[in-house]
Amino acid sequence: MDLINIFEMFSHEVHNNLLYLTLYHFAFHTSFEGMKHGMLSLFEKVKRKAKEDPPIPESEKKNLESYQRFIDTLIEKLKQTPPFNPFDSKKFDLHRDISFLPNLVKIIIEEKKEEYKDLNPETCLSLAFSILNLVWDNTPTEDQNSIKQVIDSFRGELQKTFQNTGEILKILRKWEDAYYLPPKLVYESHFKYVENKREEELERLGHYVNLNLELKLAQKGKDKPEEAIRTLRNCLKEKERKNGIIIGKSGSGKTFTFLKLFKELKDENSYIPLFIELYRFNPPVSHLNFQTFLQEYLGIDTTRFHKDKEKYVLFLDGLNESPNPEGAFTEIKASSALGGRIFLSTQREEDFLKGFSAYYMCDLGEEEIIQYLSYCPRLGNKENAQTLYLQLDRVLQEQIKRPIFLFSLSLLYEETGNIPISLGTLLSKFVNFICERRIIRDGIRIGQPLTPAYKTKVLPYIAFSMCKENKKELKERELEKLFEDIYPNASPPYDFDNFKEQVLQRYWLIKQSTTEASFEFTHELFRDYFAAVYMKRMAIDEVIGLVFPNPETNPTFAGVVQLLCGIESEERIKLLIDGILKNDPYLAASCYAMSTTGDLFLFKNIDSAIDINFPNYLYLDRLPLLYIRGLELLREKNASPEYAKYQCELGFAYWKLSEARDKEANLNRAIDAYKEALKVYNSKEFPQQDYDLALTQHNLASAYAYLSDVRDKEVNLNKAIDAYNEALKARTLEQFPQGYAVTQNGLGAVYWMLSKSRDKEANLNKAIDAYNEALKVGTFEKSPQYYASFQHNLGVAYQMLSKVKDKEINLNKAIDAYNEALKVGTFEKFPQDYALFRTDLGNAYQGLSEVKNKEVNLNKAIDAYNEALKARTLEQFPQGYADTQKDLGNAYKRLSEVRDKEANLNKAIDAYNKALRVTRKDARPGNFVEASHGIALVLQKKGDIPAALRVMEEMLPVAEEVWHPELEDYSRFYEELKSSK
């Protein structure tokens with residue numbers, strides 16, 4: 001019976017499919033043991049496939065006989081293949097037969113090219129593969145599992161036979177859909193097409209950078225930083241899928257970390273990593289959602305993505321470089337429901353980055369820097385590396401905590417032995433070095449020298465044009481046009497191809513992007529440096545005009561002008577900083593810190609112009625450099641009051657910076673700076689510095705108190721107490737009354753914090769004593785705002801003390817204190833203080849209702865909460881709104897025990913639900929837990945046990961994740977609900 005007979009036999013019963021009918025033909029040509037099982041299995045496949053596929057087109061029917069002859073030839077070839085017969089299941093060599101199959105098909109078609117000219121090679125390969133698949137159905141399990149060992153060689157043969165990568169991917173996906181191949185083979189083949197740039201990038205990076213360098217990540221809210229790769233791997237191992245945002249400055253190692261982990265995961269079977277540069281993603285202008293973007297950027301079919309969602313790991317690099325970061329994040333977060341793990345990187349923490357775990361790239365420590373420098377052959381050991389490190393300018397010591405600058409310094413010193421004097425000179429010398437020299441490492445020469453014209457004319461003009469147009473990459477035609485603009489009438493004609501070839505050979509300058517006809521600078525830093533080189537030829541007024549095109553500072557040119565100040569002459573630096581100072585003192589501080597000028601008077605002008613309490617953190621990370629720069633100029637006067645003043649300013653700058661990021665590291669830096677200042681103030685040479693000494697001790701105490709939130713709580717709180725007491729030796733009530741009050745208030749706060757850990761009653765009484773001391777100065781008449789703050793703090797201390805002893809007495813004292821605070825903190829003058837005081841007053845009345853006059857005091861609490869909500873609106877202050885609504889819900893719930901049960905329970909549920917508008921699981925889990933528990937209690941009181949159980953079942957996993965202090969009580973309540981059901 002031949003193929004045509006089979007086709008006719010089944011045409012009335014099923015829609016026919018060429019692939020499986022041909023397999024029937026093969027089945028009738030074989031007779032080895034076990035084939036009957038194969039035929040039965042095959043028949044079921046035919047019926048199943050036929051229901052899904054359309055009938056064979058007439059054009060295909062004409063080729064059936066040709067395909068039949070092709071199969072006959074294939075079978076004969078397979079049977080003749082030495083040394084084994086592939087149809088003997090005991091001797092079947094899977095490794096060999098899969099590997100040579102694509103080439104065998106090609107040979108058969110080539111032998112009878114004329115006869116098989118109309119056959120589709122892809123279909124022929126599918127037929128051949130299906131024949132072997134039928135054999136696999138009859139082979140031992142251990143042979144089937146051996147497919148994992150032959151994937152690479154099989155893919156290699158495919159690539160020899162089929163040159164078009166799209167065809168290979170199509171074939172592999174077809175076989176995967178038929179469950180012939182594991183998904184990993186399909187994805188790995190896809191990676192070879194889409195992700196080969198990542199491999200190349202890491203390989204070339206390895207010639208410049210020691211890839212063994214371990215960077216560190218600090219998770220928000222955790223004590224210690226951990227190795228970055230290990231931290232991210234631990235995220236992948238978590239049973240509950242967690243997405244992470246990696247936050248770090250330019251050059252801090254975000255992409256470096258992603259690329260290293262990408263390489264590791266790509267070589268494993270458990271994960272499917274994808275690497276995406278987000279500057280191409282710009283919703284909603286293009287009406288492109290993230291799923292569509294994935295499909296267009298990487299060719300990832302979203303259906304297939306969802307099928308293997310647990311394997312995907314998406315590295316989304318450079319959110320801040322997206323034209324629309326907030327829109328991009330919204331789309332990414334919405335699409336995260338597709339599955340997979342997402343790691344996102346960005347330079348700044350933004351308000352809209354909610355719902356992802358936050359991690360911060362940590363600066364390299366001194367030990368890590370010295371270790372890395374010791375890899376330089378010119379240095380050879382850690383002792384020499386430390387000597388070099390100590391010779392560097394202290395601003396430069398700060399800058400090389402970022403890997404990109406450390407790599408630059410290391411390579412430069414290795415090749416030239418030069419020590420740069422500032423960041424600007426480091427970049428200048430390093431760019432000269434990679435433009436003009438050949439780098440030899442591991443016996444490989446990288447690149448050819450760039451001509452001076454390219455270095456001083458072409459690249460600067462290209463970089464400046466990109467900055468002006470805010471572009472991250474250029475199409476080749478745009479790049480060529482800019483090149484032509486430099487040499488409009490050149491004779492001989494300009495050589496664009498030579499230029500392109502040269503710069504693409506230097507990994508550190510320009511690289512080809514994943515879009516073949518587009519180019520980008522390897523790092524924004526180098527683009528900005530070349531733009532600064534171009535701007536050296538511009539007039540000062542033109543430069544200022546670019547930085548301040550309107551009242552807002554242009555962030556791109558703000559970065560460029562900082563580098564410009566590191567390569568300009570001292571005279572032009574003074575003019576630049578003077579022009580910038582009139583518009584943006586913080587940027588002027590950055591420019592001065594990055595400059596090479598030694599003008600101390602200019603530093604003092606900037607120092608007096610900035611307000612270190614400013615709310616915008618955009619330039620805050622540069623302020624410590626300003627004071628370090630001043631300290632460099634005063635290095636020889638390290639025993640002077642002026643030196644101590646700058647150390648104090650440096651400490652305060654680090655303290656403010658800790659509010660934005662790297663809390664522990666920056667607070668420790670602040671503490672070190674304050675201690676340096678105290679060495680001067682405590683010296684015998686300057687005994688008259690009582691005021692400055694006391695202020696520094698006070699600030700040192702505050703830094704310890706803030707550090708206690710991060711680690712070693714009791715230890716740091718006790719250090720804070722010691723420092724406050726030292727401050728009070730100079731800040732006496734008689735000599736410095738205002739300072740005395742502020743320090744007593746700080747001391748009270750630390751005792752209040754310590755009471756949460758130990759000796760609650762004793763420490764609360766000490767806090768109350770300190771607040772009362774502060775009120776000797778901060779009176780209603782002389783210092784009304786201090787009076788309100790001190791009274792509020794006193795009220796909080798009394799309210800906490802009421803939980804230990806004399807509940808009614810202490811709650812009444814708390815109520816009196818809150819009412820005193822409200823004399824100043826009125827709704828009209830200080831609405832947010834008013835809301836805080838009213839909320840705490842409501843809590844005090846609610847506590848008092850447990851002792852006496854339940855209904856009266858609960859009504860007073862409800863009135864206080866409603867007053868607070870006049871200022872704490874959902875739109876303006878959502879978190880405060882949620883807190884107060886939760887407290888209001890508690891009050892109504894308790895009031896239902898006294899009167900109007902149904903009405904008050906409904907009001908309680910309404911308040912809790914309003915709180916949940918803000919306290920979602922991912923935003924504020926603690927409040928989500930408490931509001932949900934309140935709803936469950938109300939539902940229990942209303943008799944709706946199933947609904948209460950549903951609320952608790954959603955809430956308990958969140959409570960367990962954040963380890964809520966009331967978790968044990970919540971779990972017990974949940975068990976009670978289940979038993980009462």
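Before counting any pairs I wrote down the rule: two strands pair if DSSP finds at least two bridges between them. I also noted that the model is predicted.

I looked up the strand order and found an open sheet of seven strands, ordered 2-1-7-3-6-5-4, with mixed pairing. Strand 2 (226-227) and strand 4 (272-277) are the edge strands, each pairing on one side only.

Entry on strands 5 and 6. I found strand 5 (residues 312-317) and strand 6 (residues 341-346) running parallel, joined by four bridges. Leu314 has Ile342 in strand 6 as its bridge partner.

Entry on strand 4. I found that strand 4 pairs with strand 5 in the parallel sense over six bridges. Ile276 has Leu316 in strand 5 as its bridge partner. Then I asked: which residues of strand 4 point one way, and which the other? Ile272, Leu274 and Ile276 point one way, Pro273, Phe275 and Glu277 point the other way, and all are buried. In a regular strand the side chains alternate between the two faces of the sheet.

Entry on cavities. Helix 20 (394-399), helix 32 (623-633), helix 33 (641-658) and helix 34 (663-681) each supply at least two residues of the lining.

Technical notes:
Residues numbered from 1 in each chain as written. Predicted model: local features only at pLDDT ≥ 70, side-chain atom pairs only at ≥ 80, totals over all residues. Heavy atoms only, no water. Buried < 20%, exposed > 50% of the residue type's maximum accessible area, 1.4 Å probe, protein only.
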